[in-house]
Each structure stands twice: as structure tokens, then as C-alpha cells.
Amino acid sequence: MKLYRTSNGPYVEEAGSYFHLPEPSWDALVTHDDLHGYLLSIVNKGEPAKDFLMAKIEAPIGNQEVWAAGVTYYRSRSARMDESKTAGGGDFYDRVYSAERPELFFKSTPHRVAGPGENVRIRKDSSWSVPEPELTLLINHCGQIIGYTAGNDMSSRDIEGENPLYLPQAKVYDGSCALGPCVLIDREPLPTSTPISLEIVRDGRSEFSGATTLAELKRAPATLVEYLFRDNSFPFGAFLMTGTGIVPPNSFTLASGDRIRITIDTIGTLENEVVQGS
Ligand code: DO4
Ligand code: MG
């Protein structure tokens, strides 16, 4: 089932039919004792709504914090080592890739998150920016993975590459994160064969495209969540981005007007336009 947050409240979609939810609070849904069972009960009542298409789809977030895992794909390890080699930071990325403890960092508060169709931003003081397409977990307040969405961990590679201690500035700024278009609510983990793809369109033409699958993700989502919840509480639940396995070549940087499309098969496509900070 797919859960949407819209300007007209939340809807659940099953087999092409949309059902409006009487529970309007996104936080109450995320912290529901049995969200999957609750949504199933709404679907089974069988009263599809006709007004879903009139509503604006919004980022599927209430008061959840957004966190991110890093260097969970070999491609990300290599790209980071390359971008930070003159700063002498490369070794850290190699070590964290094979360490038992994953890299986890705070990514975003809800107000910095763009929904489908909204703008993501590149920093005005960055000259090398990329999107990072990432499977993103929705976790309830008890630390259970209850759903999956597509995420974009927008990153300033020059700022992070200059010094790894600049990571928060490279990663956390207005419009630096996008989530959506919906949350796939599933009790089962996603198959490792699940593809994630990225396309960047400039002036109507494909400027970059790439793909990976969850089989390339080095760490189990449940292990990442276990680390995140160690000595850390999330009363409204949390999102956890699981890292990128797609990095455009070093010659590529995003530009204002680029359209970023991130597709995860069973979830859908998250599309955003890029604007430059001024
Ligand atoms: O180590 C810095 C960030 C890594 C990251 O965001 C990723 O691998 O996706
Ligand atoms: Mg990332």
C-alpha cells in the first residue's frame, strides 16, 4: 500500500484505488501501533475517494527528523576518497566503509524538505553540487521500519571535499533534502533486486543517468536503524536515508533549472527542479 500526504490530508492507495484517511495527523499515522493493519482496514471498507487527483501531493513528513547513512555503497566510498584526496581525508571514508559502526549524520528538519514537484537548492557558495538518490526508511517511535520512500540527499561536494568536518554545511541547508512521492507501507523488507535510478534532465535532454540496486547496499537497513536508535529517542519516528550508490562523474555539477528524477520501482518517481541559492 502507498501512503500519500496531500493538501487534502492523507490517502492510501491500493491497486489503483485511493482511500481518504479519517486520521488527518501524519504524526499520529507514523506512531500508530499497527499502521499496516490500520491502512488495510480502511482499504477493506472499500469506499474509494474520487478527489485524490485534485489534491497537491506534499512531502510525506510531519515532525520527523531526517537522518542519513553515508558510505554504504562502494561507489560512494570511492567518490569521497577522490574528492577529499588533497585534504587528506580519503582514509576516513575507506575506514568507515568497512568499520562495524556506520556513518550516520543528521540530515534535515521538516522545513528543509522539498516534496514532489517542489524545488531543491544548491548553495550559493558551492561550485560542485550533486543529488544523491537514496532509499529512505520510515521508522516509527519504537524503532520499527514501517515504510520506504525515495530520498534526495543534496550534497555540495567541494565543501565536503575541502574538509570532512564541513559535512554539516555540505549537507544541511534550505532545500537540501527531498522525499516522496509516497511511503510504501510494507511489513516485508524490499527485495535486494530493487533498482534505484537517477536521471538529470537539462534543457529537455538527459544530462546524466545512472542506476544501482539494493544488492549493492553494504549494510542491512535494520542494522542502520539499530545504530540510529542507540541512546537516541524519536517520539514522532524518523526518516533514515540509506546512502547513495550513484555518483555522477567528477566533471558534473548541478545547475539551476535541472530536473532531478529519482525512481525506486515499487515506490514511484520523485521529481524536483533545482534552483541556485541567491
Ligand atoms: O560521508 C559523507 C556523506 C556520504 C553520503 O551522504 C552517502 O554516501 O550517501
Ligand atoms: Mg548521501
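## Contacts and the Model

Two residues are in contact if their C-beta atoms, placed from the backbone, lie within 7 Å. By this criterion, tyrosine 97 touches Val71 and Arg77, leaving out residues up to four places away in sequence. The structure discussed in this report is a predicted model.

Tyrosine 97 belongs to helix H4, which covers residues 90-98. Is tyrosine 97 buried or exposed? A residue counts as buried if 20 or more other C-beta atoms lie within 10 Å of its own. Tyrosine 97 has 21 other C-beta atoms within 10 Å and is therefore buried. Tyrosine 74 stands 23 residues from tyrosine 97 in sequence, and their C-alpha atoms are 7.7 Å apart in space.

## Overall Form

The chain contains 7 helices and 18 strands. Its C-alpha trace spans about 60 × 45 × 35 Å along the principal axes. A compact globule of 278 residues would have a radius of gyration near 19 Å, and the 18 Å of the chain agrees with this.

Of the 278 residues in the chain, 44% are buried. Among contacts between residues at least 6 apart in sequence, 74% join residues at least 24 apart.

## Two Domains

The domain assignment divides the chain into domain 1, residues 2-58, and domain 2, residues 65-276. Their C-alpha centres are separated by 26 Å. Where the domains meet, 11 residues of domain 1 are in contact with 16 residues of domain 2.

Which elements give two or more residues to the side of domain 1 that touches domain 2? They are strand E1 (2-6), helix H1 (26-30), helix H2 (35-45) and strand E4 (57-58). The residues on this side of domain 1 comprise 6 nonpolar, 2 polar and 3 charged.

## The Nonpolar Core

The largest nonpolar core has 58 residues, of which Val113, Leu138, Phe239 and Leu240 touch the most other members. Strand E13, residues 177-185, supplies the largest share of this core, with 7 residues. Both domain 1 (2-58) and domain 2 (65-276) give residues to the core, so it lies between them.

Apart from its neighbours within four places in sequence, leucine 240 is in contact with Trp67, Ala69, Thr136, Leu137, Ile139, Leu224, Val225 and Leu228.

Strand E13 also holds proline 181. The peptide bond from glycine 180 to proline 181 is cis, with omega near 5 degrees.

## The Surroundings of Ligand 1

Which residues surround ligand 1? They are Ala68, Gly70, Val71, Thr72, Ser76, Arg80, Glu103, Glu132, Asp153, Leu167, Gly243 and Thr244. Strand E5 (65-70) and helix H3 (74-83) are the elements that give two or more residues to this shell. By residue class, the shell consists of 3 nonpolar, 5 polar and 4 charged residues.

Aspartate 153, one of the residues around ligand 1, is located in strand E11, residues 145-153. Aspartate 153 is buried, because 25 other C-beta atoms lie within 10 Å. Not counting residues up to four places away in sequence, aspartate 153 touches Ala68, Lys107, Glu132, Glu134, Lys171, Cys177, Met241 and Thr244. The C-alpha atoms of aspartate 153 and alanine 68 are 8.0 Å apart, although 85 residues separate the two along the chain.

## Two Loop Residues with Positive Phi

Alanine 15 is found in the loop between strand E2 (9-14) and strand E3 (17-20). Its phi angle is near 50 degrees, a positive value in a residue other than glycine.

Aspartate 203 occupies the loop between strand E14 (195-202) and strand E15 (205-213). The phi angle of aspartate 203 is near 50 degrees, a positive value in a residue other than glycine. With 9 other C-beta atoms within 10 Å, aspartate 203 is exposed.

Key: Residues numbered from 1 in each chain as written. Chains lettered and ligands numbered in written order. Predicted model: local features only at pLDDT ≥ 70, side-chain atom pairs only at ≥ 80, totals over all residues. Domains from an automatic or database assignment. Helix = DSSP H or I, 4+ residues; strand = E, 2+ residues; numbered from the N terminus. Nonpolar A, V, L, I, M, F, W, Y, C, P; charged D, E, K, R; others polar. Near = placed C-beta within 6 Å. Rg over C-alpha atoms; globule rule 2.2 N^0.38 Å. Buried ≥ 20, exposed ≤ 12 C-beta atoms within 10 Å, placed from the backbone. Core = buried A, V, L, I, M, F, W, Y, C linked by C-beta atoms within 7 Å.
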